[in-house]
Amino acid sequence: MGGKQDQNEVYGKPAKYDPSFRGPIKNRSCTDIICCVLFFLFILGYIAVGLVAWVYGDPQQVLYPRNSTGAYCGIGENKDKPYLLYFNIFSCVLTTNIIAITQNGPACPTPQVCVSSCPEVPWTVETDQLSQPVGQVFYAANRNFCLPGVPGDMQVLQSLRQELCPSFLLPSTPALGRCFPWSNSTVPELPGISNTSIAQGISGLLDSVNARDISVKIFEDFAQSWYWILIALGVAMVLSLLFILLLRLVAGPLVFVLIIGVLGVLAYGIYHSWEEYRVLRDKGASISQLGFTTNLSAYSSVQETWLAALIVLAVLEGILLLMLIFLRQRIRIAIALLEEASRAVGQMMSTMFYPLFTFVLLLVCVAYWAMTALYLATSGQPQYVFWAPNVSLSGCENVPMNTSCNPMDQPVNSSCPGLMCVFQGYLSTGLVQRSLFNLQIYGVLGLFWTINWVLALGQCVLAGAFASFYWAFHKPRDIPTFPLSSAFTRTLRYHTGSLAFGALILTLVQIARVILEYIDHKLRGTQNPMARCIMCCFKCCLWCLEKFIKFLNRNAYIMIAIYGKNFCVSAKNAFMLLMRNIVRVVVLDKVTDLLLFFGKLLVVGGVGVLSFFFFTGRIQGLGKDIESPQLNYYWLPIMTSILGAYVIASGFFSVFGMCVDTLFLCFLEDLERNDGSVDRPYYMSKALLKILGKKNEVPPGGKRKK
């Protein structure tokens with residue numbers, strides 16, 4: 001007797017009866033004030049980083065291309081000229097790649113000019129046009145592709161020598177704000193460059209960025225089917241809500257059907273493995289004949305593989321059967337809690353739509369970080385230097401190459417052929433630029449911390465609402481009028497610091513995982529097998545640690561919502577309470593996971609099947625008003641509907657899962673606090689009392705003694 005008591009006290013003493021306890025306490029004080037102050041200071045710093053990025057950053061450097069003079073195409077004086085034309089784009093193709101072009105702007109050693117439209121027909125300067133004026137050859141023929149300010153009376157030959165006008169034009173397609181030539185265009189004869197290399201450059205260029213046609217078709221498909229996608233998402237919402245509400249009636253049969261289904265699948269696996277093993281055994285196909293091979297599919301043709309599968313499946317089948325026999329009482333408790341959770345959700349329907357508020361907050365966090373990171377990445381000023389295609393030519397000896405210049409002053413020196421002021425990069429000098437990496441790290445930390453805090457806020461608020469449901473002695477009469485808003489106000493007012501504390505612990509582990517993934521990605525090509533094994537072990541340990549912290553935080557937030565204590569005390573009490581009832585925890589967790597998995601499968605699968613039959617036009621006789629639209633890619637709205645259905649189902653079922661966890665902790669405390677007497681009646685439902693073989697001595701309709 002004493003040994004059993006000592007064993008139970010290893011995980012803390014059971015909760016004692018408190019006559020003043022009526023559910024989530026109202027007289028509470030602020031918790032984890034130091035972490036709350038630290039969190040607010042961090043948020044102020046995060047806002048300051050955003051202000052610094054907004055002052056010094058210029059996202060136009062990413063959104064809009066620059067011409068040779070440093071002016072943006074598509075805005076300002078070039079508002080009607082949104083595209084950038086390269087005079088000789090092959091100098092870019094043969095020296096760099098398109099990703100570098102997109103990120104660094106006009107870094108190609110060739111002039112660039114903003115144009116209203118890309119060339120549509122091929123053209124090359126003829127020999128007899130070299131002596132003609134620029135106005136006649138270019139402007140009069142509607143070829144407005146010269147640099148700004150080139151006089152119309154200048155000879156074409158002189159403009160080509162100074163690279164003020166292009167010597168050829170190719171049919172081009174706008175992509176990423178730049179004109180890229182067609183792959184089937186006629187390539188002119190260019191000195192020093194073979195037609196083969198040009199064709200390869202064009203092909204590679206278009207393979208990388210020519211997604212314009214696909215993007216247009218995708219946009220057209222969304223424009224044609226967006227309202228049908230919304231209808232599919234509405235169906236997913238209705239199915240999710242109905243599934244949760246129907247659990248009050250079918251939770252028990254559904255759980256047993258799912259368990260029997262798992263047993264049936266395992267039984268079939270055992271039968272199939274035995275048949276394969278018997279056939280291969282009669283043939284004498286042994287692993288000794290196969291030997292070692294890296295072709296894993298070859299092992300399916302030896303008897304030892306199927307014998308191992310037979311043993312594993314038989315062990316799993318036996319374990320599951322033993323669990324059903326010896327844990328049937330706890331499975332019944334889990335089913336009753338699921339039914340009670342469905343009842344709680346039905347009484348507080350507003351909780352089902354709280355994830356929308358959480359989603360908006362998460363969207364704000366991600367959008368703020370993305371904009372801050374974009375502005376920080378473009379905080380440097382553009383730098384231009386002198387460049388010439390051949391510095392050994394006469395007239396270029398006295399030109400200071402690679403020194404700073406002003407692109408607005410071109411042409412600088414006509415004695416050096418091809419001399420021009422080109423973009424080199426963004427300056428890294430200055431306080432903001434020197435601290436750019438640290439500011440980006442600060443932003444990433446802010447992203448993780450704020451996201452985890454928002455998720456913690458949602459869990460704590462829902463826990464407070466559902467706890468008020470459980471600890472209402474007469475349901476629904478004793479349930480507070482506005483349980484969700486009351487829980488939100490309490491949580492935000494008193495427990496911001498505790499939520500920030502739990503979110504910070506989880507954030508540090510997630511940051512460590514990100515750093516480890518980055519190191520693994522950088523060293524993947526140089527690692528030996530031992531190093532890869534150690535790295536894999538570290539990653540696995542951090543993954544397990546993150547899962548454990550999420551589990552502990554979730555239950556700590558429930559205790560915070562009920563008792564209003566700080567994070568560490570709440571986490572300790574929740575952990576000890578769960579360890580005192582570890583078997584019930586495992587059973588409830590697995591039954592809930594199985595049920596929610598089936599619910600997601602039902603919602604997502606149902607929406608996916610309906611979307612497939614509708615968007616592929618396989619549902620006939622619906623009438624002209626609801627005919628399936630004509631689509632370029634019918635799989636696009638189908639996949640969008642499936643993804644949206646999964647997000648919606650996850651949102652609804654996350655609320656239901658939080659409800660189950662909250663009611664479960666309340667149920668465990670109810671067992672420890674009360675004994676069913678008039679002074680200490682149980683708060684649990686009649687179904688749970690019946691399963692446990694307990695009863696309340698309070699007469700029907702009576703009140704508990706105060």
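View 1. At 29% relative accessibility, Phe575 counts as partly exposed, a class lying between buried (under 20% relative accessible area) and exposed (over 50%), with a 1.4 Å probe and protein chains only. Phe548 is partly exposed too, with a relative accessible area of 40%. This is a predicted model, in which local features need pLDDT of at least 70 and side-chain atom pairs count only at pLDDT 80 or more, while totals for chains, interfaces and linings use all residues. Residues are numbered from 1 along each chain as its sequence is written, and side-chain values use heavy atoms, leaving out hydrogens and water.

**View 2. Aromatic pairs.** Rings of Phe, Tyr and Trp (its six-membered ring) pair if their centres lie within 6.5 Å; planes under 30 degrees apart count as stacked, over 60 as edge-to-face and the rest as tilted. By this rule the count comes to 20 aromatic pairs. In one of them, Tyr470 and Trp471 have ring centres 5.2 Å apart and planes at 80°, so this pair is edge-to-face. Both Tyr470 and Trp471 are buried. For Phe548 and Phe575 the centres are 6.4 Å apart and the planes at 80°, so that pair is edge-to-face. Because Phe548 sits in helix α18 (residues 529–563) and Phe575 in helix α19 (residues 567–579), the pair ties together parts that are 27 residues apart in sequence. Helices here are DSSP runs (H or I, at least four residues), numbered from the N terminus.

View 3. Ring pairs join Phe39, Phe40, Phe42, Tyr46, Tyr368, Tyr442, Trp449 and Trp453 into a cluster. Helix α2 (residues 33–56) packs with helix α15 (residues 436–470) at an angle of about 130°, their axes 10 Å apart. Axes are lines fitted to C-alpha atoms over the stretch in contact, and angles run from 0 to 180 degrees between N-to-C directions. That makes α2 oblique to α15, the class left after roughly parallel (under 35 degrees), roughly antiparallel (over 145) and roughly perpendicular (65 to 115).

**View 4. Where α12 meets α20.** Helix α12 (residues 328–347) and helix α20 (residues 582–615) pack at about 55°, with axes 9 Å apart. That makes α12 oblique to α20. Contact means heavy atoms within 4.5 Å; among the residues making it are Ile331 and Leu337 of α12 and Val587 and Leu595 of α20.

Note on methods
Helices (H or I, at least four residues) and strands (E, at least two) are DSSP runs, numbered from the N terminus.
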